[in-house]
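Opened the notebook for a quick look through this fold.

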Amino acid sequence: MRALLMLENGMTFEGTGFGDEHDVLCEVVFNSAMCGYTELLTDPSYAGQGVVMTYPLIGNYGICYDDAESTRPWLRAFIVHSISGAASNFRCDVDLNTFLKQNRIPGIQGLDTRAITKILRESGTMRGMIAFRDHFDIASMKKQLDAFEMESYVPVVSSRESKIYGDGPIKIALADYGVKSNIIRSLVKRGCTVKCFPYDASFEEMMSFSPDGVMLSNGPGDPKECVKAISELKKVYLYGIPTFAICLGHQLMALSQGFDTYKLKYGHRGINHPVKDLTTNRVYITSQNHGFVVNGETINPSVADIRCISMNDGSIEGLTYKNGKVFSVQFHPEASPGPLDTGFLFDEFIKLIGGSRL
């Protein structure tokens with residue numbers, strides 16, 4: 001079926017539909033990864049977004065359920081240059097088109113994704129609408145798009161109730177703002193019992209588990225919307241328990257200490273972002289998916305040190321707090337975009353917990 005993408009600046013791009021063909025409104029962003037679309041589709045941090053893939057051919061190795069980062073895809077729409085007509089991989093469970101149909105996710109292909117990406121880089125991320133029909137009412141689409149407002153998705157993607165994973169001797173309370181499965185797996189394989197708490201769990205609820213450490217997960221959207229979480233993290237910090245925060249969790253911990261955040265023009269979304277660790281002068285290749293960052297000018301040097309920065313734009317990618325118990329990163333150390341560059345951060349967390357027990 002004919003499909004049309006309209007951006008909020010009025011520009012339109014016509015293609016053909018795939019997946020579950022129904023009209024959708026979303027925030028349009030781009031991702032520069034050449035592979036890893038299964039992980040991308042199932043990453044809760046993409047909730048509410050229509051993702052433009054800069055790599056032209058998507059779907060050639062199908063979908064492998066073992067690679068999924070959650071139980072379902074969360075993005076609002078998938079925008080590609082072309083979808084592969086065949087899924088060729090011995091691990092493939094289902095082809096991409098069928099997977100999207102099963103999960104009611106619309107897709108559009110046949111677009112000039114390079115042109116769309118250049119527009120988003122120059123103008124910033126923007127709202128968009130994808131429609132599927134033989135004839136398009138441009139005026140009606142523009143009216144719907146102008147009225148569309150992004151909602152808060154953390155309450156949508158977070159666990160409804162607490163869940164426990166693993167049975168190791170180290171107990172971790174994980175605040176689930178939209179956690180990726182590999183964060184849990186990374187902790188479990190290091191000897192942890194992980195209890196996931198809903199995004200709005202209180203400090204007292206998390207401490208009732210008697211954890212040895214606290215993990216703050218990734219998640220979608222503007223961190224300033226998570227008012228209760230920020231309030232509870234002030235208590236976590238004052239309590240002095242070893243804490244490791246990733247992505248949205250990193251931003252929330254910063255906000256809890258009086259630092260500020262702001263929205264990037266077009267965000268960081270891809271698997272090849274270079275990040276420099278200022279403590280070692282080493283540069284790591286990282287996986288990233290975020291639209292907001294901590295404002296470096298608001299960081300109180302008596303509270304935290306800047307540990308990592310982006311080599312692309314100099315934005316803050318990691319903080320180490322002066323209490324010696326908390327550290328955080330903006331990128332995803334649990335992801336494996338090729339090299340396993342930053343998985344050692346989980347080992348640092350376990351070591352920090354071990355030191356606190358002495």
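My entries follow, and the model is a predicted one.

**Surface patch.** I started on the outside. Met-34, Tyr-55 and Leu-57 make a nonpolar surface patch of about 280 Å². I then looked up where Met-34 sits: the loop between strand 3 (24–31) and helix 1 (37–41). Is Met-34 buried or exposed? I have Met-34 down as exposed, because its relative accessibility is 57% and the cut-off for exposed is over 50%.

**Cys-35.** The loop between strand 3 and helix 1 also holds Cys-35. Its relative accessible area is 39%, so I noted Cys-35 as partly exposed. Which residues does Cys-35 touch, leaving aside neighbours within four places in sequence? I found Tyr-61 and Ile-271. I also checked Ile-105, which is 70 residues from Cys-35 along the chain; their C-alpha atoms are 19 Å apart.

Next I traced an open sheet of 10 strands with mixed pairing, in the order 10-12-11-13-14-19-18-17-15-16. Strand 10 (163–165) and strand 16 (282–294) are the edges, each pairing on one side only. From one strand to the next, the twist averages 25 degrees.

I zoomed in on one pair: strand 18 (residues 316–321) runs antiparallel to strand 19 (residues 326–329), over 3 bridges. Opposite Thr-320 I found Phe-327 of strand 19.

**Helix 6.** Last entry: which strands does helix 6 (residues 181–188) lie across? I listed strand 10, strand 11 (170–175), strand 12 (192–197), strand 13 (213–216) and strand 14 (243–246). Helix 6 runs at about 150 degrees to strand 12.

Definitions and conventions. Residues are numbered from 1 along each chain as its sequence is written. This is a predicted model: local features need pLDDT of at least 70, side-chain atom pairs count only at pLDDT 80 or more; totals for chains, interfaces and linings use all residues. Side-chain values use heavy atoms; hydrogens and water are left out. Patches are made of residues with over 30% relative accessible area and no salt bridge: like charges are joined within 9 Å, nonpolar side chains (Val, Leu, Ile, Met, Phe, Trp, Tyr) within 5 Å. Accessible areas come from the Shrake-Rupley method with a 1.4 Å probe; for residues, only the protein chains shown count as cover. A salt bridge is a side-chain nitrogen of Lys or Arg within 4 Å of a carboxyl oxygen of Asp or Glu. Helices (H or I, at least four residues) and strands (E, at least two) are DSSP runs, numbered from the N terminus. Buried means under 20% relative accessible area, exposed over 50%, partly exposed in between (1.4 Å probe, protein chains only). Contact means heavy atoms within 4.5 Å. Two strands pair if DSSP finds at least two bridges between them. Axes are lines fitted to C-alpha atoms, for helices over the stretch in contact, and angles run from 0 to 180 degrees between N-to-C directions.
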